[in-house]
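My notes follow the order in which I checked them.

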Amino acid sequence: MDKFRNYDVAFSGLKTGKHEFKFEVEQAFFDLFETEQEFSGAKIDVDVLLEKHSTFLDFLIKIHGTVNLVCDITSETFTHPIENEIKFLVKFGEEYDDSNEEVITIPQGDSAFNISQAIYEAVILSIPMKKISPNAKEEDFELIEKFSPKEIEEEETHEIDPRWEALKKLKDKK
């Protein structure tokens with residue numbers, strides 16, 4: 001049994017036009033991917049808008065919810081709101097091909113499309129690079145600045161090796 005089966009969007013019995021699907025995603029969903037995540041305690045609502053055409057499917061996946069992050073400065077866990085949307089087309093062909101992130105090809109005989117990977121990517125892409133708790137204080141930032149390594153500027157007035165200088169003179173004669 002496929003562990004992502006609950007995230008199949010069956011389109012074979014649907015009429016041409018717009019259709020809506022809703023999913024609730026929690027941390028157990030992300031644990032199915034067996035990868036290390038930078039968050040925990042995910043509680044996310046997923047709204048899927050499917051526009052079915054005769055030759056292709058147009059998907060719009062919107063996510064909104066919260067995840068728990070660990071602050072980069074204070075190491076405190078805090079709840080962070082996330083929101084994102086992903087849009088892509090699904091067309092029919094000979095075999096599955098997701099090499100183009102905007103147009104996914106599925107076999108002609110398929111009757112459903114699994115959106116678990118799209119949901120996963122929408123959430124992962126909405127996690128900020130810098131995770132700073134709203135409770136972080138100015139003193140925390142000052143301590144980080146004080147003990148951070150400083151860049152040392154190199155002096156531009158270094159002497160050129162005399163051997164290179166002689167080669168440079170030869171080059172300039174040409």
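Is D47 buried, partly exposed or exposed? I find D47 partly exposed, at 21% relative accessibility. My cut-offs are under 20% relative accessible area for buried and over 50% for exposed, with partly exposed in between (1.4 Å probe, protein chains only).

Before going on, I note that this is a predicted model, in which local features need pLDDT of at least 70 and side-chain atom pairs count only at pLDDT 80 or more, while totals for chains, interfaces and linings use all residues. Residues are numbered from 1 along each chain as its sequence is written, and side-chain values use heavy atoms, with hydrogens and water left out.

Entry: salt bridges.
I searched the whole structure and got four salt bridges. The term means a side-chain nitrogen of Lys or Arg within 4 Å of a carboxyl oxygen of Asp or Glu. Side chains of opposite charge can pair when their charged atoms come close.

I looked at D47 again and found its side chain in a salt bridge with K22, at 2.9 Å from N to O. D47 belongs to strand 3 and K22 to strand 2, so this pair ties together parts that are 25 residues apart in sequence. Helices (H or I, at least four residues) and strands (E, at least two) are DSSP runs, numbered from the N terminus. K22 is exposed, at 61% relative accessibility.

I then checked D58, which forms a salt bridge with K87; their closest N and O atoms are 3.4 Å apart. This pair links distant parts of the chain, with D58 in strand 4 and K87 in strand 5, 29 residues apart. D58 is buried at 14% relative accessibility, whereas K87 is exposed at 54%.

I also noted K3 with E34, a salt bridge whose closest N and O atoms are 3.6 Å apart. K3 sits in the segment before strand 1 (8–10) and E34 in the loop between helix 1 and strand 3, so the pair ties together parts 31 residues apart in sequence. K3 is partly exposed, with a relative accessible area of 40%, and E34 is exposed at 67%.

Entry: surface patches.
For patches I take residues with over 30% relative accessible area and no salt bridge, joining like charges within 9 Å and nonpolar side chains (Val, Leu, Ile, Met, Phe, Trp, Tyr) within 5 Å.

I found a patch of negative charge on the surface made of E94, E95, D97, D98, E101, E102 and E121. E94 is in the loop between strand 5 and strand 6 (103–107), and is exposed with a relative accessible area of 79%.

I found a nonpolar surface patch as well: I160, W164, L167 and L170, with about 460 Å² of accessible area together. Accessible areas come from the Shrake-Rupley method with a 1.4 Å probe. L170 is in helix 4 (residues 162–173) and is exposed at 53% relative accessibility.

Which residues of helix 2 (residues 116–124) are buried? I list S116, A118, I119, Y120, A122 and V123. These buried residues pack against strand 2 (17–26), helix 1 (27–31), strand 3 (40–52), strand 4 (56–70), strand 5 (77–93) and strand 7 (112–114).

S126 lies in the loop between helix 2 and helix 3 (138–147). S126 is buried, with a relative accessible area of 14%. Leaving out residues up to four places away in sequence, I see S126 touch I63, I82, E83 and N84, where contact means heavy atoms within 4.5 Å.

Terms used:
Lys, Arg positive; Asp, Glu negative; His and termini not counted. Charge placed at Lys NZ, Arg CZ, Asp CG, Glu CD.
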